[in-house]
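Dear colleague,

Please find below the structure that I am handing over to you. My findings follow directly after it.

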Amino acid sequence: MQVSDTAPVASAGVALGEPGGNLMVAITATLKRDLTLMLRRRGEMLNPLVFFALVITLFPIGISPDPELLALIAPGLLWVAALLAALLSLDSLFRSDYDDGSLEQLMLAPQPLAALSLAKVAVHWLLTGLPLALMAPVLGIMLALPAGSYLILALSLALGTASLSLIGAIGAALTVGLAKGGVLLSLLVLPLYIPVLIFGTGAVQAAVFGDGVTAHLAILGALLAGALIFAPWAIAASLRISING
Amino acid sequence: MWAFIHKLGSPKWFYRISAKLQPWFWVAAAGLIVTGSLWGLAFAPADYQQGNSFRILYVHVPAAFLAQSIFVSMAIAGLVYMVWKIKVADMAAAVMAPLGAAMTFISLFSGAVWGVPTWGTWWMWDARLTSMLILLFLYLGVIALRGAFTSRDSASRAASVLAMVGVINIPIIKYSVDWWYTLHQPATFTITSRPAMPTEMWLPLLLMVLGFYSFFIALTLMRTRSEILRRESNKRWVRELVEEGQ
């Protein structure tokens, strides 16, 4: 049924000009728009970072301030806290666009929705995943993470959060039309996050113990490549369902 | 062949055909499960390492098989619904989800019960138990998502997409959990690492597995039929059927 809705628009787009050129313009425009929107709401952008720092603060208080114990569990703690912080920011990924109708406009655009939603996810990663990855080493110092693993921590988080943004966007797209989608979103998305978590903490732990880390980072990269191929289609299909429903 | 499949896609035809198929699967399920459990529980020899506690495997293994197969069937039904808009496929997917979640829970619970005499603990972060637990969460996600939509069409399509995303991820999750487990824990005693089972032990297991599958098919047919009646209750053929019945 969706095909019949968009078919005239799509053919109009082809008639207007070269589709390939249009696509790049549309992607750049989406990137620019989302970046501008997010940078105008800096407070909202900071929330996941503050959440990350707060959760990390809770663990020494809840478990023990003993540096040796903390160093042992630091890779896992940092990764789980970063994962939850990224999850927290997902609900707003499509929410405001859904509320003001710009999501429908994206869907009416002659360019494929998968490509445009990929641009939106890229902005989400740039402003959530990447800052989390850059901030993690500072929190690592506070958890007495052994020196020498900071670069790997940041790298694994940068690679991993990109997959998290892509997978999470599927859940966000499925729940955007629901009034109380927040808790449901975490139920849908967290089980799918487990492979990324395993190899992300695996990389940091390997760096702590002085083992080779390239294998872990390579698998994180492979997961990202897989997510890049499959997730945009799932996101686009889910957005269509949410808009029609 | 294709004509048959097309007919199967129509709720009315499915309702009629399944009425003929259903009793056979119920009989097969009852026969196989009764024979298999009597044989397995009473006549199969006790295991030389685990004694009688191994007998829980006659419930645990078929439930675990079904738990995984049902998720795959659900995703295939979702794909069929998304591609060909066959409503019966979605009805089947909708009724399969709770059954799959129940099977996952049974396999987790029986695994925990088996763990007490074998491992000395109810729960261990064993690779299989962990991936089963994640599978249970995936099932719960699909069920919750379907329930969250007010429009039935959106609910069906959203659940289909999520089932397909889940089925792509299940092997990835399974292999990463296996890898995680071998990294953190030395390989302990597992069911499959034992020498091959003697025939008198695995034959009842085979019967139980077949019986569980027949039960799954029979129950899915039955529940799909009632789902058809519920969703098509405003159609004429359903009304006529009800009037004939009375």
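The notes below take chain A first and then chain B.

Please bear in mind that this is a predicted model.

Chain A contains 10 helices and zero strands, so that, read from the N terminus, its elements run α-α-α-α-α-α-α-α-α-α. Its C-alpha trace extends about 65 × 35 × 30 Å along the principal axes. A compact globule of 245 residues would have a radius of gyration near 18 Å, and the 20 Å of chain A agrees with this. Of the 245 residues in chain A, 46% are buried. Among the contacts in chain A with a separation of 6 or more, 81% are between residues 24 or more positions apart.

For chain B, the unreviewed UniProt entry places the feature "transmembrane region" at residues 21-43, 63-84, 91-117, 129-149, 161-181 and 201-221. I looked at two of these spans in the model. Residues 91-117 of chain B are 100% helix and 0% strand, with end C-alpha atoms 41 Å apart. Residues 161-181 of chain B are likewise 100% helix and 0% strand, and their end C-alpha atoms lie 30 Å apart.

Helix H4 of chain B covers residues 87-119. At 1.5 Å a residue, its 33 residues should span 48 Å, and the 46 Å between its end C-alpha atoms agrees with that. After H4(B) comes B:Gly120, which has a positive phi near 80 degrees.

With kind regards

Notes:
Residues numbered from 1 in each chain as written. Chains lettered and ligands numbered in written order. Predicted model: local features only at pLDDT ≥ 70, side-chain atom pairs only at ≥ 80, totals over all residues. UniProt positions renumbered as here; feature names shortened; annotations may be inferred. Helix = DSSP H or I, 4+ residues; strand = E, 2+ residues; numbered from the N terminus. Rg over C-alpha atoms; globule rule 2.2 N^0.38 Å. Buried ≥ 20, exposed ≤ 12 C-beta atoms within 10 Å, placed from the backbone. Contact = placed C-beta atoms within 7 Å. Expected span 1.5 Å × (residues − 1).
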